[in-house]
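Q: I have a model open and want to learn how to read its packing. Where do I start?

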Amino acid sequence: MAALFLKRLTLQTKKTESGCVRSCFGKYMAQQTALAQLPLLASTPRVCCVVYAQAFSTAKDPHSERTKKKKKKEKTDFGSIGRKIHDRVIHVVDEQGNDLGNMHRANVIQLLDERGLRLVPRNTSTEPPKYQLMTGLQIHQERLQLREMEKAKRTTCQTLTKELTFSSSIGQHDLCTKSKQIQQWLEKKYKVQITVKEGRNKEEPANKMEEIFDQLLQMMPGIATFLSRPQPTKGGKALMCVLRCLTQKEEKAYRETQMSQNEDTLNKEHGKDRDSDTLHQ
């Protein structure tokens, strides 16, 4: 009995030891597999990058609008700087254009208070910068002149070209109507491109189209001239030229030539009258 009991005890001990070994081995294998799968499941660290995105909107950026207006104002604004004189010594010209030389800013402010004038920058890039004393009326008049000059520059930059096309078999009445239309465009500072096509009448002279251009200029004396002379186009079946209005110098020269021609004709007429009087005597 004792031997049988010992045998059973030894068998049970072996079973419990093998079970413990299996459970410990199973736990160890589970931990190893979990550690092996951990890098696959965990995400790799990434460097964060901050991206600044501008929200979409149809409205304009107020900051950019303010900067544009400020730049435009700096270019075109003309007026008094008040009492804010940044330089210690400035070159001063009075309201009548007399040069007062270099003055200290304290003396300039005192002069402004005494005369009731305003200080306007003329050339701040020189050393010392140049300023002028002006009245409010003078500043207003100069602003108006600057606006007129800006308008004149815009009109010169925005010169447009009008186009006109007609046949060489045009009648005299229709040609006069065309010349009036061209004259109106030229008075508005337009350039006029004229194209004269060859007529269907085969009996017309070869220089008929050139004669039409000359007639147009004769109908507008002292108003128009050629910007580009008549040149063949459309395979020689038409002539094209561009007319422009006369400049002020050209108008003055034209008036002077007309006056000299009139004086010459008058002198010739007076000479003929004198000759006839002497013959009668």
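A: Start with the nonpolar core, a set of buried Ala, Val, Leu, Ile, Met, Phe, Trp, Tyr and Cys residues joined through side-chain atoms within 4.5 Å. Buried means under 20% relative accessible area (1.4 Å probe, protein chains only). The model is predicted: local features need pLDDT of at least 70, side-chain atom pairs count only at pLDDT 80 or more, and totals for chains, interfaces and linings use all residues. Residues are numbered from 1 along each chain as its sequence is written, and side-chain values use heavy atoms, without hydrogens and water.

Q: Which residues have the most contacts inside the largest nonpolar core?

A: They are Phe166, Ile182, Leu186, Ile194, Val196, Phe213 and Leu243, in a core of 21 residues. At least two core residues come from each of β5 (161-167), α5, β6 (191-197), α6, β7 (224-233) and β8 (238-245). Helices (H or I, at least four residues) and strands (E, at least two) are DSSP runs, numbered from the N terminus. Apart from this core lies another, of twelve residues, including Ile85 and Leu133.

Q: How are two packed helices described?

A: By the angle between their axes and the distance between the axes. Axes are lines fitted to C-alpha atoms, for helices over the stretch in contact, and angles run from 0 to 180 degrees between N-to-C directions. Here the axes of α5 (residues 172-187) and α6 (residues 208-219) come within 10 Å and cross at roughly 60 degrees.

Q: Which residues make the contact of α5 with α6?

A: Gln172, Leu175, Cys176, Ser179 and Ile182 of α5 meet Ile212, Gln215, Leu216 and Met219 of α6, where contact means heavy atoms within 4.5 Å.

Q: How much of the chain is buried?

A: Buried residues are 19% of the 281 in the chain.

Conventions. Buried means under 20% relative accessible area, exposed over 50%, partly exposed in between (1.4 Å probe, protein chains only).
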